[in-house]
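Please work through each task before reading its solution.

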Amino acid sequence: MRIEDHPTVQEYRHQLSTTKSKETAEIKADWLKKTALEAGVDDVGFVDVDRAAMTDYRQDLLYVMPGVQTVMAMVFRLNRSSLRTLAHSIANFEFKHMWMYANETARKIVNRLEAQGVQALNMPTGFPYESSRWPDKMWLTCDKVFAVEAGLGYMGWNRLVIHPQFGAAVILGNILLASKVDQYDQPMNFNPCLECGLCVAVCPVGAVSRDGQFNFSACYSHNYRERLGGFLDWVENIADSRNHAEYRRRISDAETISMWQNLSIGAQTLCDRCMAVCPAGRDAIGEYLDNRKDYTRRYLEQFKDVEEIIYVVKGSDAEQHVTAKFPSKKVKRISNGIRPNSAKMFLESLPIIFQPKQSEGLNAIFHFTFTGAEDLKGTVIIREKTIGVQEGHVDQADLLVTADSRTWIDFLAQEKNLVWALLTRKIRLKGSPKLLKAFAKCFPS
């Protein structure tokens, strides 16, 4: 039988002659929304990938789906009471259930769309990530940015998307579409955040601040202790322990059991306090406005007073914060496992792990010149507790660091000694060595 005579081929040819091309047909937003809401999504919006705000994410989206034209951003409401309990296992169960529900719902929507001739692909909500990219960016979509661009909320101080009805008690998901949608919601023209400061007050590591700055490293080191870099640190503690007695001195039995639970049940969080205390959104604001004092006592003070381990990097802003603000909590120093594997990644990571308070009094320009496997130049400017990183050499340097790129990465990973690197001229300094020490203090890991 010729392929053109096959019944399936003939049916396909007939459909093409009687309908619009699947690739060029424009989809109605109302129909897409109705389909999503009927499947179990709590809110939905759309973002054209050609929008200027999507520039930084377009390459990854095209990597996943070469023909992607639209992102359908979805909101799933969490049970707020599950987040407010001191029994953190309840909160983690709520997250795990909703991640699974979101992924199952998104997949169901994709099946419906494919049945209607719409090419679609659902992205994982939460994990898994593209782990082969570690320690570079492993996630392929930026859920929070997409949700804001789709008009589903506003980014709060706590770096959570604040939905006008559900507040911060949401998780987010995305479906990629290889079609245009006939209308798009623009970013919200009002801020549903109350600026009450409860998320600032409850954060045990001081990651959230009223000036809008967010200390990623502080949040990551504690909250993700049993994921990603924290898991790497745990494994290295096992490898470095001479026997079971030394391991037990490093890691308590309760911590080992908690890691077992994380591995056997699924990714757990150690903190979601900023989400738990947030009174934003129509569903929660009434309780806060009716009695702010009682609201604060019930949902803020209980978390501040609970005894627990807070994981911090030695010499970090987080260590100073928890010691000063939360005397009832136990501080445990750990490594966050963030180790760049290239000179390029080293420069790119600096704004993420920068600790503003540790840079107090430092105002300097650093030039980096990397040779060997990488031929790269960069400028780091630290001034008034802020950091800027630029390609090439800019302005007059206070300290010039010239380094073999592989040696520098091994030095950062504590696999090469700085004195040896200086003596062998694998690393060379022009300027005061004290500036390098002051620089390192800003980036504890």
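A residue is called buried under 20% relative accessible area, exposed over 50% and partly exposed in between (1.4 Å probe, protein chains only). Helices (H or I, at least four residues) and strands (E, at least two) are DSSP runs, numbered from the N terminus. The model is predicted, so local features need pLDDT of at least 70 and side-chain atom pairs count only at pLDDT 80 or more, while totals for chains, interfaces and linings use all residues. Residues are numbered from 1 along each chain as its sequence is written, and side-chain values use heavy atoms, with hydrogens and water left out.

**Exercise 1.** Describe the surroundings of β12 (residues 399-404).

*Solution.* 
- Step 1. β9 and β12 run parallel and are joined by six bridges; T369 has T402 as its bridge partner in β12.
- Step 2. With β13, the pairing of β12 is antiparallel, over four bridges. T402 is partnered by R428 in β13, and L400 stands opposite K430 in that strand.
- Step 3. β12 is largely enclosed by the rest of the structure, because five of its six residues are buried.

**Exercise 2.** Which residues of β6 are buried on each of its faces?

*Solution.* 
- Step 1. On one side V170, L172, N174 and L176 are buried, and on the other I171, G173, I175 and L177.
- Step 2. β2 (residues 70-77) runs antiparallel to β6 and is joined to it by eight bridges; V75 stands opposite L172.
- Step 3. β3 (residues 120-122) pairs with β6 over three bridges, also in the antiparallel sense, and N122 has I175 as its bridge partner.

**Exercise 3.** Where is confidence lowest and highest in the protein chain?

*Solution.* 
- Step 1. pLDDT is the predictor's confidence in each residue, from 0 to 100; the chain averages 91.
- Step 2. Helix α1 (residues 7-18) is lowest, at a mean of 64, and β9 is highest, at 98.
- Step 3. Over residues 20-24 pLDDT stays under 50. Where pLDDT is low, predicted coordinates should not be read in detail.

How values were computed. Pairing = 2+ DSSP bridges. Contact = heavy atoms within 4.5 Å.
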